[in-house]
Every structure is written in C-alpha cells, then in structure tokens.
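Colleague: I am new to reading folds. Could you walk me through this one?

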Amino acid sequence: MINKTIILAGGSGFLGQSAADFFKASGYKIIIFTRGQTIEKNNIQYVNWDGKTLGNWCDYLENSTALINLTGRSINCIHNEQNKKDIIESRINSVKILNEAIAQAKNPPSVFIQASSLAIYGNTTELCDENASHGNDFPAEVCEKWENEFYKKELPQIRKVIFRIGLILGKNGGALKPLAKLTKLGLGGTIGSGKQFMSWLHIEDFNRMLEFAIENPNISGNYNVVSSKPATNQEFMQTLRKVLKMPWSPPVPEFMVKIGARFIMKTESNLALGSQNCIPKRFLESGFKIKYTNLTETLSDLLKK
Ligand SMILES: NC(=O)c1ccc[n+]([C@@H]2O[C@H](COP(=O)([O-])OP(=O)(O)OC[C@H]3O[C@@H](n4cnc5c(N)ncnc54)[C@H](OP(=O)(O)O)[C@@H]3O)[C@@H](O)[C@H]2O)c1
C-alpha cells in the first residue's frame with residue numbers, strides 16, 4: 001500500500017510547522033527532517049539529519065507522496081561573510097543531498113517542491129511574473145544558486161516545482177508579529193519612502209498552494225507564491241494601523257531604518273527597504289483560486305484575538 005506521507009525537510013520552522021498542521025488535518029502522515037532529535041511530537045515524526053550527508057533519514061522517502069524542502073539558515077541577520085556562507089551552504093547542501101537521496105530511492109515521492117524566494121527578481125518596483133529578469137544583489141544570487149542546484153540533477157521520475165515565496169503573513173512567525181508589535185507601540189509609520197512593494201501572502205493560501213502543487217500533475221517548474229495584489233509599504237502600514245485601531249504615526253526615515261536595522265535589530269535594512277512587486281501568474285493560469293486577495297481582510301483574520 002502506498003503511504004499518504006508528506007516529508008518536510010527543514011519543517012521545524014515557521015512555514016514547515018504551519019504546513020505540517022495543514023496536511024495533518026487532511027489526513028497525511030507528516031515527517032520532518034531536522035538537525036534536532038529524532039522524536040515523535042503531536043503526531044509528527046521528527047527525523048534527525050544534518051542537511052548535507054546521506055543517512056538513515058533517506059529510508060523515509062520510500063513510498064512517500066511528496067517532498068517539500070524548506071531548509072535554510074534565516075536571511076534575517078547581518079550579511080557578513082560568515083553569515084553569507086551559511087545562508088548559501090545550508091540551502092545548496094540540503095538541495096544537493098535530497099536530489100541524491102531521491103536518485104537512490106526505489107520508490108521516491110512523485111513530486112519535489114523546493115523553496116526559493118521572490119528575492120530572485122532583485123530590489124525592484126517593476127511588476128514581476130515568473131519570466132521577469134533576475135536581480136544582481138546578494139539575495140538574488142542566493143536564489144539563483146539554490147534553483148540551479150535543484151535543477152542540476154535530472155530525476156525523470158520526479159515532478160520538480162520551485163516555490164518563489166513572497167512575504168508570508170502568519171500568526172506564529174515571520175514579519176507580521178514584529179510589525180504588529182511595533183505598530184501597537186505607536187511605531188507603525190511608513191518605512192523609508194513607503195514606495196517599496198511588499199509581495200505578501202496569507203499563510204493559509206501558502207498551504208493551499210502546496211496542496212494544489214502536490215495534487216495537480218500539471219504543476220511543474222517555477223511559481224511565484226504570492227497573493228495577486230502587492231501593497232506599497234505605505235499602504236501596508238496604513239492598513240496595519242487601521243486593523244489594529246492605531247492612529248497615524250510618523251514615517252521612519254531611511255537613515256533611521258538603516259541605523260535601527262544594523263545596531264538594534266542586528267539585520268539588513270534591505271529586508272524592510274527592498275521592493276518586490278510580484279504576481280502569481282502561473283498559479284492563476286493553472287486555475288488556482290487565491291482565498292485572501294484583500295490586505296485588510298488578511299490582516300484582520302490573522303490579528304483577531
Ligand atoms: N517565511 C517567509 O516569508 C519566506 C519568504 C521567502 C522564502 N522563504 C524560505 O522558505 C524556507 C522556510 O522559511 P521559514 O520562514 O519556515 O524559515 P525558518 O523558520 O527559519 O525554518 C527553516 C528551517 O531550516 C533549518 N535550518 C536552519 N539553518 C540551517 C542550517 N544551517 N542547516 C540546515 N538546516 C537549517 C531549521 O530546521 P532545524 O533547526 O530543525 O534543522 C529551520 O527550522 C526558507 O528556506 C526561507 O528562506 C521564506
């Protein structure tokens with residue numbers, strides 16, 4: 001009998017935990033590859049791996065339905081040489097070893113979904129579908145290396161899908177929590193010029209897109225994983241204040257964002273000042289229906305008590 005099993009490599013984080021709950025509720029068995037302990041928790045099997053070498057974890061791929069790889073050292077840090085190396089290597093190594101493990105499996109999953117990011121298009125206000133040109137900054141370089149490694153090994157029996165993920169809005173992690181906290185403290189002003197675009201997606205739609213990609217055999221190749229209407233930062237912060245019933249607050253000028261990012265948040269200011277204006281052209285063409293296209297409804301849903 002073929003198991004209805006989903007493997008989430010790097011599934012212990014923000015997106016993986018949400019996907020695990022989502023697919024568990026649909027009756028899937030969930031296996032998470034983690035650098036942590038092999039343990040069963042909340043009906044989820046956590047299996048130890050190092051994300052770079054073959055091991056006993058490979059056995060779990062046999063007869064599974066789908067493999068989703070979300071592994072990667074967070075980009076939310078100062079991009080010094082060591083961190084850049086870790087960001088790239090954690091991604092490349094995991095993709096490479098998963099490709100190898102699939103090639104050796106007798107009955108591998110039929111679909112392999114690999115995380116990438118809309119950052120591949122660079123910092124731009126131009127509208128980007130999947131055919132848009134790529135950027136030339138560090139985040140774009142990371143995505144190109146990630147995707148090239150994914151496609152490098154040909155696995156004819158496997159459907160390969162790249163998820164170029166946007167800014168995922170969820171209750172339990174990601175950017176929304178700190179933004180909502182700052183807004184409640186009266187610090188929810190426009191960031192920088194406010195003209196930069198935020199290509200957001202409700203986490204429920206992220207999980208629905210995963211499900212659609214697994215169940216629909218026509219889904220293959222690169223997909224923008226984002227809602228249909230990106231917001232400028234000015235619109236986003238205004239909507240957030242409205243939903244949280246907070247009054248207008250003063251804009252935060254670019255130089256203050258840069259100082260705050262480096263010395264207080266210990267991260268790159270580009271994460272707040274950079275722009276991605278992307279649409280999910282290929283998902284829409286495939287007949288996928290996005291549930292949350294309205295930012296006010298999305299934020300109200302996620303921030304309700
Ligand atoms: N969240 C977003 O809005 C967003 C947007 C665009 C792209 N993405 C991409 O989507 C993926 C998942 O995002 P997320 O928000 O769920 O990230 P996350 O919460 O940081 O989870 C990533 C997981 O990767 C594993 N990991 C971290 N550093 C590693 C390393 N050096 N070597 C091997 N494994 C490592 C960790 O699992 P263990 O500690 O259990 O091993 C961690 O739970 C990431 O690749 C991210 O770049 C996310």
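Colleague: Which residues of α2 and α3 meet?

Modeller: First, some ground rules. This is a predicted model: local features need pLDDT of at least 70, side-chain atom pairs count only at pLDDT 80 or more, and totals for chains, interfaces and linings use all residues. Residues are numbered from 1 along each chain as its sequence is written. Helices (H or I, at least four residues) and strands (E, at least two) are DSSP runs, numbered from the N terminus. Two residues are in contact if their C-beta atoms, placed from the backbone, lie within 7 Å. Lys84, Ile87, Ile88, Arg91, Ile92, Val95 and Lys96 of α2 meet Phe138, Val142, Lys145, Trp146, Glu149 and Phe150 of α3.

Colleague: How many residues of that contact are nonpolar, polar and charged?

Modeller: Start with the classes. Ala, Val, Leu, Ile, Met, Phe, Trp, Tyr, Cys and Pro count as nonpolar, Asp, Glu, Lys and Arg as charged, and the others, Gly among them, as polar. The contact of α2 with α3 then has eight nonpolar, no polar and five charged.

Colleague: Are α2 and α3 roughly parallel or roughly antiparallel?

Modeller: Axes are lines fitted to C-alpha atoms, for helices over the stretch in contact, and angles run from 0 to 180 degrees between N-to-C directions. The axes of α2 and α3 (residues 138-152) are 8 Å apart, at an angle of about 15°. Angles under 35 degrees count as roughly parallel, over 145 as roughly antiparallel, 65 to 115 as roughly perpendicular and the rest as oblique. That angle therefore makes α2 and α3 roughly parallel.

Colleague: At what angle do α1 and α5 cross?

Modeller: Leu15, Ser18, Ala19 and Phe22 of α1 touch Ile203, Phe206, Asn207 and Leu210 of α5. By class, six are nonpolar, two polar and none charged. The axes of α1 and α5 (residues 203-215) come within 10 Å and cross at roughly 65°.

Colleague: Which residue of β5 is the bridge partner of Ile7?

Modeller: Strands β1 (residues 5-9) and β5 (residues 66-69) run parallel, joined by four bridges. The partner of Ile7 in β5 is Leu67.

Colleague: Which residue in the turn of the β3-β4 hairpin has a positive phi?

Modeller: Strands β3 and β4 run antiparallel, with three bridges. Lys41 stands opposite Ile44 in β4. Two residues lie between the strands, and the one with a positive phi, about 50°, is Asn42.

Colleague: Which residues are closest to the ligand?

Modeller: A residue is near a molecule or strand if its C-beta atom, placed from the backbone, lies within 6 Å of it. The ligand is surrounded by 24 residues. By class, that shell has seven nonpolar, 14 polar and three charged residues. The closest are Ser12, Gly13, Thr34, Arg35 and Gly72.

How values were computed:
Two strands pair if DSSP finds at least two bridges between them.
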